[in-house]
Amino acid sequence: MRRTSATTPSADPALHPTIAAWLQGRGWALRRHQRDMLAAAADRRHALLVAATGAGKTLSGFLPSIQSLIEQPRDGLHTLYVSPLKALAVDVRRNLLAPIEEMGVDITVEARSGDTPSDRKARQRQRPPNMLLTTPESLSLLLSYPEAADMFGRLDTIVIDEVHAFATGKRGDLLALSMARLQTLAPDLRRVALSATVADPDGYRAWLAPDGDIGAVTLVEGEPGADPEIDILLPTGRVPWSGHSGRYAAEQVMRLIERNRTTLVFCNTRSLAELIFQDLWSANDQKLPIGVHHGSLSIEARRKVEAAMADGRLRALVCTASLDLGVDWGDVDCVVQMGAPKGSSRLLQRIGRANHRLDEPSRAVLVPGNRFEYLEAQAALDAVEAGELDPDLFRAGALDVLAQHVMAVACAGSFEEAELLDEVRGALPYSALDADTFSRVLGFIESGGYSLKAYDRFKRLTRDADGRWRVSHPRFVQQHRLNAGIIVDATTLDVRFKNGRKLGTVEEYFASTLSVGDTFFFAGLSLEVERMDTADLIVRSTSRPARIPTYVGTRMPLSTSLADRVRVFLDDRSEWDRFPTDVHEWLDAQARRSRLPQPGELLVETFPREGRHYMVAYSFEGWNAHQSLGMLVTKRMEAQGLKPLGFVSNDYALACYSLDPITDPAALFSKDILADEFVEWVQGSNLLKRAFREVAVIGGLVERQHPGKRKTGKQVTFSTDLIYDVLRRYEPDHLLLRAAWEDARARMTDVGRLASLLDRAADTMVHVDLGRVSPLAVPVLVLIGRERVSSSAADDALLIEAEALAAEAMRED
């Protein structure tokens, strides 16, 4: 919305008088994109709205539905709103109810997620509200009930918020299939999607449209908002050589918090959020109220913090991606990003949490963790200024998700194979699905596959004499609803006080490293372990120093566009005057001592140090791809008798070290490594087992929980590993092994970027053999020191290691 002026009409002629009066009473007028969304609704056209944060996207999506329900009041479900986060649905409900109440209209609005009480869920299926706010997983579950046809048969509109957050992944696959199902139940259904950060609007239009018909979706673009004001924080001393957290700046960030009304401090991981919270609290001389928010905290803890923020009772909140999306707190006037943002789209999304008003600039401060991250932060700032967003990579739909969806359809009632295949193809990710693959999916649900068909517990579907498919036994319906979902979290233990109060969860593998009496930071508290059992970690508060939980969560990869910009910085000396003196001197010393990699060039340095021989490749392909390449290269080094000792990597470089010198790096980077060592490594490592565990759970082969009892992570792992070994031995072409292989390749190893690197390695590699470590190698080599020291002494030891390496690298002789 925008404020009306003396010459601006206060009401729009297309609006119902009730809405027009409400707008006039608040001094508001519709923006152009809000009128365009009303026009698209009047024409019954699907619509994708791309508008800056603070442009009133949510109201833009709901306004046509509010108008329709005022003009033609009705019972039952009219509009379905789908968001990627439970917190977002709750936040939207709060912000949507206020206008509806102020207008005095009779429109019911409710939220539904995994946190909704079961009695309310049952009532919603029988007597749904006019507007239901939910997540992709809860929508899929609703479609699994026999009453789905009645509940959704008169559905008018589906609104998908923050569509960029999941359309290109497995949650997007599930939602696309659910939309195809809804279109069958309600043929006149209108689809709407909202987003602030989209690089490929046409890709999202095709994803949103029935049958991928891009022409059926109107693209509505909002007016550009005020340009954000972004600064890069400089440390009081030098920009660090290593680290990725920005912890050195805690006191400076605390001073920022003191100068602003409310500040969001974003961290890239949950572990870092806990660390930064502790650092800020130590520097909080004025004892200002600050909080912490991440996905491992209990729902009660998160809701408490969200309410405190909404009421203006917190001066700062340390958070993770749990608050990347759509939580609309207008009084946030500054956003701090600890460590590099890894992508311009993510940075824009986070910056948009500040002010949340289109006509006022959002203010943000980036805190780079090290010298490479300073370059990355500057690259991100330039990308935002240029309006460059990270690319959106659409892919074919996952087969484990399809299996889960087919089972949901079967739970609602029997189906005919050809009809369901035709419906599924209406979802863009599955538009190219062939009949044979679909039959294999049905066969998998029918028996588990050739190797497992002797076991009744895998026989979930049965084909009747008339050719229709139905669920084999009612117990499989209950099993599906208990275990459905796309997000397969690492197995966790509940963290509780002795009185039963739950603080949140920690991952099982971290808990396994703890003993009674050990301490760790969590939820902003120092906790001591009192005892452990199968599902709970019982703790008490303590004042003793503690360590931070570590999490297996996926690491954010450096985007290719930011990597390319950093390469340009390294090559273009005219850019260096923009950098701090110590960063300028670092690059200058590298240029004199060795060389700086040019765009499109793969620089590889080799040098000896302390009885070892090092090879550092500056490939800028992100941590996942470098980790995969490190495994493959060290295997090849071993085969060549170079006696490798290990490798370390960051987003910018890979460093391998060995007892014998590497004289021919090109032989280690040949393309055939993907055809030979890569396949052998993935199949022989835990990568494929880990991927199989996820697809087996999503595909319904392995249960996460029985009625009244949740399996432990060890039980799930044991079950999936047994099945995995059987299938690898007796049915290597099994549907889920194929799905696991695709996951392991694409998500866990970033094989696309790895292949791109290897494709150009032979033609672009420049090998520089040095007598000692180079300045550019220092940030990655310090990571070797991190692996060697214990957690309690890590910071001091790493500082000493970094300074020694830096002194050697920067020496002029």
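**A cysteine and its sheet**

Cys 656 is buried, with a relative accessibility of 0%. The cut-off for buried is under 20%. Keep in mind that this is a predicted model.

Which residue is the bridge partner of Met 615 in strand 27? That partner is Cys 656. The two strands involved are strand 25 (residues 612–618) and strand 27 (residues 654–658). They run antiparallel, and five bridges join them. As a rule, strands of a sheet pair through backbone hydrogen bonds, in either a parallel or an antiparallel way. In a regular strand, side chains alternate between the two faces of the sheet.

Where does Arg 595 sit? Its place is the loop between helix 21 (581–593) and strand 24. Arg 595 counts as partly exposed, because its relative accessible area is 28%, which falls between the cut-offs of 20% and 50%. Its side chain makes a polar contact of 3.0 Å with the side chain of Glu 601.

Leaving aside neighbours within four places in sequence, Arg 595 touches Gln 590, Glu 601, Leu 603, Glu 605, Val 766 and Val 768. Val 768 is 173 residues away in sequence. In space, the two C-alpha atoms are 8.0 Å apart. Over the protein chain, among contacts between residues at least 6 apart in sequence, 73% join residues at least 24 apart.

The closest cysteine sulfur to its own belongs to Cys 319, at 7.3 Å. That is too far for a bond, because a disulfide needs the two sulfur atoms within 2.5 Å. How many disulfides does a search of the whole structure find? The search finds zero.

Strand 19 (residues 492–497) pairs with strand 20 (residues 502–507) in the antiparallel sense, over five bridges. Asp 494 stands opposite Thr 505 of strand 20. Four residues lie between the strands of this hairpin. Within the hairpin, Gly 500 takes a positive phi near 100 degrees.

Strand 19 also joins strand 23 (residues 536–541). Here the strands run parallel, with four bridges. The bridge partner of Phe 497 in strand 23 is Val 539.

**A helix end**

Ser 447 lies in helix 17 (residues 435–447). Is Ser 447 buried or exposed? Ser 447 counts as buried because its relative accessibility is 15%. A polar atom of its side chain lies 3.3 Å from the backbone nitrogen of Gly 449. Further contacts of Ser 447, neighbours within four places left aside, are Leu 452, Lys 453, Phe 458 and Lys 459.

**The wider chain**

The protein chain has 813 residues, of which 58% count as buried. Its secondary structure comes to 29 helices and 30 strands.

In soluble globular proteins, nonpolar side chains tend to be buried together. In this model, the largest nonpolar core has 107 residues. Those with the most contacts inside it are Leu 80, Phe 152, Ile 160, Leu 402, Phe 669, Phe 692 and Leu 701. Helix 15 (residues 399–412) gives the most to this core, with nine residues. Take Phe 152 as one of its members. Beyond neighbours within four places in sequence, Phe 152 is in contact with Leu 77, Leu 80, Leu 139, Leu 142, Leu 143, Leu 182, Leu 185 and Ala 186. Another core, of 64 residues, lies apart from the largest one. Leu 317, Leu 562, Phe 579 and Ala 809 are among its residues.

Methods:
Residues numbered from 1 in each chain as written. Predicted model: local features only at pLDDT ≥ 70, side-chain atom pairs only at ≥ 80, totals over all residues. Heavy atoms only, no water. Core = buried A, V, L, I, M, F, W, Y, C linked by side-chain atoms within 4.5 Å. Buried < 20%, exposed > 50% of the residue type's maximum accessible area, 1.4 Å probe, protein only. Contact = heavy atoms within 4.5 Å. Pairing = 2+ DSSP bridges. Polar contact = N/O pair within 3.5 Å; in protein donor to acceptor, adjacent residues only side chain to side chain.
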